[in-house]
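I opened my notebook to go through one protein model bit by bit. Here is what I looked up, in the order I did it.

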Amino acid sequence: MPSSPIQSSPSPNIRLTVPFFMVRDMEASLGFYVDKLGFKITNQWAPNGKIEWCWLQRDEVSIMLQEPRDREKFDQEGAKGQGISICFQCMDALALYHEFTAKGVEIKETFVGNNLWVVAFNDPDGYRLDFESPTDVPEETKYSEWAK
């Protein structure tokens with residue numbers, strides 16, 4: 001069987017990845033992502049007058065949320081978000097830490113890992129969100145100790 005040559009194109013083929021989260025309660029998730037994290041709804045699908053799917057964006061990043069129509073089946077499938085982390089690469093994760101905590105987001109302990117400040121917490125469905133920015137602060141430094 002003859003093989004076809006791989007042709008390179010002048011522009012990248014794959015240009016964007018967007019996390020797509022199934023969420024139990026769209027209203028609660030929108031309250032979290034929009035009101036507390038500052039995302040904006042840029043696209044939505046509301047076939048029955050209620051948002052069932054949406055595309056959210058903040059700065060140059062996007063996420064999609066969808067609420068299943070069969071919530072009972074969704075709940076039977078077990079916990080969501082386990083083992084999943086979305087890492088947002090930022091200019092200043094500590095500024096986001098202050099913004100988010102001022103809006104009531106519970107963040108246990110911000111720390112330095114892999115030469116990055118890591119501001120990590122879970123969304124209402126258990127998906128881990130890491131907002132990270134480069135630093136020269138020593139590894140494993142905790143923000144509460146560093147900010148004294």
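**Ground rules**

I am working with a predicted model, where local features need pLDDT of at least 70, side-chain atom pairs count only at pLDDT 80 or more, and totals for chains, interfaces and linings use all residues. Residues are numbered from 1 along each chain as its sequence is written, and side-chain values use heavy atoms, with hydrogens and water left out.

My labels for helices (H or I, at least four residues) and strands (E, at least two) are DSSP runs, numbered from the N terminus.

**Entry 1: the core**

I started with the largest nonpolar core. That term means a set of buried Ala, Val, Leu, Ile, Met, Phe, Trp, Tyr and Cys residues joined through side-chain atoms within 4.5 Å. Buried is under 20% relative accessible area, exposed is over 50%, and partly exposed is in between (1.4 Å probe, protein chains only).

Which of its 32 residues touch the most other members? I noted Tyr33, Leu37, Leu65, Phe121, Leu129 and Phe131. Several elements supply at least two residues each, including helix H1 (26-36), strand E4 (61-66) and strand E8 (128-134). Helix H3 gives the largest share, 5 residues.

I then clicked on Leu37. Leaving out residues up to four places away in sequence, Leu37 touches Phe32, Arg58, Glu99, Phe100, Val105, Phe121 and Leu129. A contact here means heavy atoms within 4.5 Å.

**Entry 2: strands side by side**

Two strands pair if DSSP finds at least two bridges between them. Strand E2 (residues 40-45) runs antiparallel to E3, with 5 bridges joining them. Gln44 has Cys54 in E3 as its bridge partner.

On to the next pair: E3 and E4 are also antiparallel, over 6 bridges. Here Cys54 turns up again, opposite Leu65 in E4.

What about E5 and E8: parallel or antiparallel? They pair in the parallel sense, over 5 bridges. Ser85 has its bridge partner in E8, namely Arg128.

**Entry 3: pockets**

On a 1 Å grid over the protein atoms alone, a pocket is an open set of points where a 1.4 Å probe fits, with protein on both sides within 12 Å along at least five of seven lines; lining residues have an atom within 4 Å of a point. A volume is the space filled by probe spheres set on the points, and grid points are joined across faces, edges and corners.

The largest pocket has a volume of about 270 Å³. It has 14 lining residues, and the closest to its centre are Arg58, Asp59, Gln89, Cys90 and Leu96. E5 and H3 each supply at least two residues of that lining. By class, I wrote down 9 nonpolar, 1 polar and 4 charged residues. In this scheme Ala, Val, Leu, Ile, Met, Phe, Trp, Tyr, Cys and Pro are nonpolar, Asp, Glu, Lys and Arg are charged, and the others, Gly among them, are polar.

The second largest pocket holds about 230 Å³. Of its 13 lining residues, Glu106, Ile107, Ala120, Phe121 and Asn122 are the closest to its centre. E7 gives the most to this lining, with 3 residues. The class tally is 6 nonpolar, 2 polar and 5 charged.

Most residues other than glycine have a negative phi, and most peptide bonds are trans. I found Asp59 with a positive phi near 55°. Asp59 is in the hairpin of E3 and E4, which has 2 residues between the strands. Asp59 counts as exposed because its relative accessibility is 67%.

Asn114, not a glycine either, has a positive phi of about 60°. Asn114 lies in the loop between strand E6 (111-113) and E7.

**Entry 4: Phe74**

Why does Phe74 count as buried? Because its relative accessibility is 5%. Phe74 is found in helix H2 (residues 71-76). Setting aside neighbours within four places in sequence, Phe74 is in contact with Met22, Val23, Arg24, Pro68, Lys80 and Asp125.
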